[in-house]
Amino acid sequence: MSITLENTSILQRLRSETHASHDALEQNEFNQALTAGHISAEATRRFLAKLYGFLQPYEAQLSLHTFPAAWEVEHRRRAHLILEDLQPTSELPLCPDMPPLRTWPQVLGAMYVLEGSTLGGQVITRQLAKAGIATRTYFTGYGERTGPMWKSFCQLLTEAANEANQAEIVQSAILTFQKLHAWIDQP
């Protein structure tokens with residue numbers, strides 16, 4: 001599968017139009033500590049618990065949709081990896097204010113955000129390893145398959161996008177970044 005130039009407009013729009021929301025999300029306490037080299041195991045656990053609280057309801061909403069096999073949606077579910085990292089003794093709080101995933105373009109926009117996070121997870125994994133923090137199963141994404149899974153997702157997204165649904169895909173991605181940011185920053 002290769003992405004042709006004429007089909008990349010949705011990817012360009014997503015990168016460009018979600019840039020501010022993406023940057024705002026990356027300013028969270030966890031990422032700042034990670035960047036400064038002052039990350040702790042406890043901060044990592046708190047961040048993972050927040051991510052789980054968003055991913056679990058997101059994945060529940062995804063399960064309401066039917067995907068062609070090429071999307072490999074079952075392999076794209078990752079909330080359980082957080083549970084492997086945390087091994088919680090009680091239920092983790094879930095985000096009550098999720099972005100809507102009622103339409104196909106809304107699903108695509110949210111998936112862009114959460115699939116893209118697997119790429120950043122690769123960087124986080126290396127930084128946590130340097131800090132001696134073993135809690136990083138979730139951040140490894142798809143391991144060696146992270147790059148190919150992202151490329152596959154981008155190809156499928158470009159095939160699914162069209163003039164009529166691009167604006168809704170972009171708006172869903174922006175809203176997903178914003179809702180995730182609000183959830184992570186909530187005490």
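## Terms and model

A residue is called buried when its relative accessible area is under 20%, exposed when that area is over 50%, and partly exposed in between (1.4 Å probe, protein chains only). What you have here is a predicted model, in which local features need pLDDT of at least 70 and side-chain atom pairs count only at pLDDT 80 or more, while totals for chains, interfaces and linings use all residues. Residues are numbered from 1 along each chain as its sequence is written, and side-chain values use heavy atoms, with hydrogens and water left out.

## Overall fold

Let's start with the whole protein. There are nine helices and zero strands, where helices (H or I, at least four residues) and strands (E, at least two) are DSSP runs numbered from the N terminus. The order along the sequence is α-α-α-α-α-α-α-α-α. The radius of gyration is 16 Å, close to the 16 Å that the globule rule gives for 187 residues, so the protein is as compact as a globular protein of that length. That radius is taken over C-alpha atoms, and the globule rule is 2.2 Å times the number of residues to the power 0.38.

Along the principal axes, the C-alpha trace spans about 45 × 30 × 30 Å. Of the contacts (heavy atoms within 4.5 Å) with a separation of 6 or more, 83% are made by residues 24 or more positions apart.

## Surface and charge

Buried residues account for 49% of the 187 in the protein. The accessible surface is about 9700 Å², and carbon and sulfur atoms hold 54% of it; these areas come from the Shrake-Rupley method with a 1.4 Å probe, and for residues only the protein chains shown count as cover.

Turning to charge, the protein has 15 positive and 19 negative charges, and their mean positions are 4 Å apart. Lys and Arg count as positive and Asp and Glu as negative, with His and the chain ends not counted. Each charge is placed at NZ of Lys, CZ of Arg, CG of Asp or CD of Glu.

## Aromatic pairs

Rings of Phe, Tyr and Trp (its six-membered ring) pair if their centres lie within 6.5 Å; planes under 30 degrees apart count as stacked, over 60 as edge-to-face and the rest as tilted. The count by this rule is 10 aromatic pairs. One of them joins F30 and F139, whose ring centres are 6.0 Å apart with planes at 10 degrees, so this pair is stacked. It links distant parts of the chain, 109 residues apart: F30 sits in helix 3 (residues 29-36), and F139 in the loop between helix 7 (104-130) and helix 8 (146-160). F30 is buried at 5% relative accessible area, and F139 is buried at 3%.

W71 and W104 have ring centres 5.4 Å apart and planes at 80 degrees, so they form an edge-to-face pair. Here too distant parts of the chain are linked, 33 residues apart, with W71 in the loop between helix 4 (41-62) and helix 5 (73-76) and W104 in helix 7. W71 is buried at 4% relative accessibility, whereas W104 is partly exposed at 29%. Both tryptophans belong to one aromatic cluster, formed by F67, W71, W104, Y112, W150 and F153.

## Positive phi in two loops

Two backbone spots are worth a look. E72 is not a glycine, yet its phi is positive, near 50 degrees. E72 lies in the loop between helix 4 and helix 5 and is partly exposed at 23% relative accessibility.

Q87, also not a glycine, has a positive phi of about 45 degrees. Q87 is in the loop between helix 6 (79-86) and helix 7, and this residue is exposed, with a relative accessible area of 62%.
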